[in-house]
Amino acid sequence: MASLITCPHCGVRPKEEFAIRGDASRGRPEPMDSDEAWHDYVYVRTNPRGRTLEHWHHIAGCRRFLVVERDTATHEVYSVVDAAEFARRPAR
Amino acid sequence: MRYSAFSLVRNALSGNLNWKPQWRQPQPKPHYDVIIIGGGGHGLSTAYYLAKEFGVKNVAVLEKGYLGSGNVGRNTTIVRSNYMLPGNEPFYEFSMKLWEGLEQDLNYNVMLSQRGVIMLYHSDAQRDAYVRRGNAMWMEGVAAELIEREQLKKMIPFLNYDHARYPILGGLLQRRAGTARHDAVAWGYARGADRHGVDIIEHCEVTGIRRENGVVTGVETTKGFIGCGKLALAAAGNSSRVGEMADLKLPLESHVLQAFVTEGLKPCIDHVIVYGGGHFYISQSDKGGLVFGAEIDGYSSYAQRGNLATAEHVMEEGVTMIPGLSRVRVLRAWGGVMDMSMDGSPIIDRTSIDNLYLNCGWCYGGFKATPASGYCFAHLIAKNDTHPVARALRLDRFARGYAVDEAGAGPQPNLH
């Protein structure tokens, strides 16, 4: 259930402790990138039915940004990692 | 069959055995001038106005389930036009005016009940915001009234006026707003469209969109290929998935919104009451059940169910506003999947493909918009030109910097 998230720092917590920022699958464009690149980054979403990567901010806990991989149809959570660790992973 | 007092009496006296089905069950033709994907309120009203107002008769509506199985059959039935922004208010007021004539127009009882929608405020700042909203409504010619606390106490005595954190100081009332029976709206539009020759094809899921030389030529469905001149998408909740079939990338996330119905009570709530301390809204159905809901669950979801933590939160908000609610039993809960757009406002527009049209992003305000959405979308499809009241709702508004952001929340769908 997506109502419970296992924070890598704090353990199992209810989703009420988190602010959810949405799509974490794409990187931020460079400041001078094209208007289209910025438009896509800010406004356009793939919005999949199935596995998705999202930023969840543990705002009432450790205050770390997390990357949660979960299924938007079944609400199953596959993995939760700290956003800094996620960013250090090799590019996919 | 046209309904009238005479037809009611005649059918009653003949044992109710001679009622006819309200719409046909046709097999799909090989080709239509316009195919509409999605047999919800907006798809059906689009088909109805296309046929009736714009003379496009060779139309099909494709619905993957049965009529009324999506969001039109699972919402809190509120109709209102108390919006603030100039891009929204004329559109929803156009819808309100269509609601007021809808039963005569459709020859169908949609049980429109203009019982008044009142939005409560709990602080001086919130009162100022509602005064501003009321003034914005008056500027578009829509009546709004500010109700002070003492007057409100006489109107709605059962609210918790002395709550420690959210005392109720008054409210903004739109008297013409109210509720309509959601199922009847779908059935009424379906029957109206059918009478004008529209083919409504249920249990027909679109699995692909066929394109040749850059234009759409038809759709692959579970009932085979169906060709079309123009293709219109009205697949709320699943717009991203349908759009993907034509390589459209949309500014949408799908979120789930829950709503609840209690056991039937004697008439006790006369209005639609909206709680400004949170985002709770409640009305009483004609059957007696209290119908209420609050905010979305917060994370994107395609599951037509929500989580219990949000259900608990909704109950807390309700009991904060009306303490007596704690004694009422909830009979049913349901979750609908909605397109949440990036600014909280809908999208009615052409797409980058010439004969492909888009109607999406209704967030959780789609029901009240059903008539205007259908009318404006039909106008766009028939004339290739945006209806004047829908000009601010075009797809490119994000790129141009003209977002219609009623909540001022920015491009975060879960905050609208």
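**Note on the predicted two-chain model**

1. B:Gly170 is buried, its relative accessible area being 0% (buried means under 20% relative accessible area, exposed over 50% and partly exposed in between, with a 1.4 Å probe and protein chains only). This glycine belongs to strand S6 (residues 170–174) of chain B; helices (H or I, at least four residues) and strands (E, at least two) are DSSP runs numbered from the N terminus. Leaving aside neighbours within four places in sequence, B:Gly170 is in contact with B:Met119, B:Leu120, B:Tyr121, B:Ile147, B:Glu148, B:Arg149 and B:Leu152, where contact means heavy atoms within 4.5 Å. B:Gln126 is 44 residues from B:Gly170 in sequence, and the two are 9.9 Å apart in space, C-alpha to C-alpha.

2. On conventions: this is a predicted model, in which local features need pLDDT of at least 70 and side-chain atom pairs count only at pLDDT 80 or more, whereas totals for chains, interfaces and linings use all residues. Residues are numbered from 1 along each chain as its sequence is written, chains are lettered from A and ligands numbered from 1 in the order in which they are written, and side-chain values use heavy atoms, with hydrogens and water left out.

3. Chain A contains two helices and six strands, arranged along the sequence as β-β-β-α-β-β-β-α. The C-alpha trace of chain A spans about 40 × 25 × 25 Å along its principal axes. Of the 92 residues in chain A, 38% are buried. Among the contacts in chain A with a separation of 6 or more, 42% are between residues 24 or more positions apart.

4. In chain B, helix H2 (residues 41–52) packs against helix H9 (residues 370–383) at an angle of about 55 degrees, with the axes 7 Å apart. Axes are lines fitted to C-alpha atoms, for helices over the stretch in contact, and angles run from 0 to 180 degrees between N-to-C directions. H2(B) and H9(B) are therefore oblique to each other (under 35 degrees counts as roughly parallel, over 145 as roughly antiparallel, 65 to 115 as roughly perpendicular and the rest as oblique). From H2(B), the contact involves B:Gly41, B:His42, B:Ser45, B:Thr46, B:Tyr49 and B:Leu50; residues of H9(B) that they meet include B:Tyr375, B:Phe377 and B:Ile381. By class, this contact of H2(B) with H9(B) comprises eight nonpolar, seven polar and no charged residues; Ala, Val, Leu, Ile, Met, Phe, Trp, Tyr, Cys and Pro count as nonpolar, Asp, Glu, Lys and Arg as charged, and the others, Gly among them, as polar.

5. Helix H3 (residues 89–106) of chain B also packs with H9(B), at about 105 degrees and with the axes 7 Å apart. H3(B) is thus roughly perpendicular to H9(B). B:Phe91, B:Phe94, B:Ser95, B:Leu98 and B:Trp99 of H3(B) make this contact with H9(B) residues including B:Pro371, B:Tyr375 and B:Cys376. The residues of the contact of H3(B) with H9(B) are eight nonpolar, three polar and no charged.

6. The count of disulfides over all chains is zero, a disulfide being a pair of cysteine sulfur atoms within 2.5 Å. For A:Cys7, the closest cysteine sulfur is that of A:Cys62, at 3.7 Å, which is too far for a bond. A:Cys7 is buried at 2% relative accessibility, whereas B:Cys268 is partly exposed at 34%.

7. B:His203 has a positive phi of about 50 degrees and lies in the loop between strands S8 (199–201) and S9 (206–212) of chain B. B:Asp247 has a positive phi of about 60 degrees, lies in the loop between helix H7 (239–244) and strand S12 (252–264) of chain B, and is exposed, with a relative accessible area of 58%.
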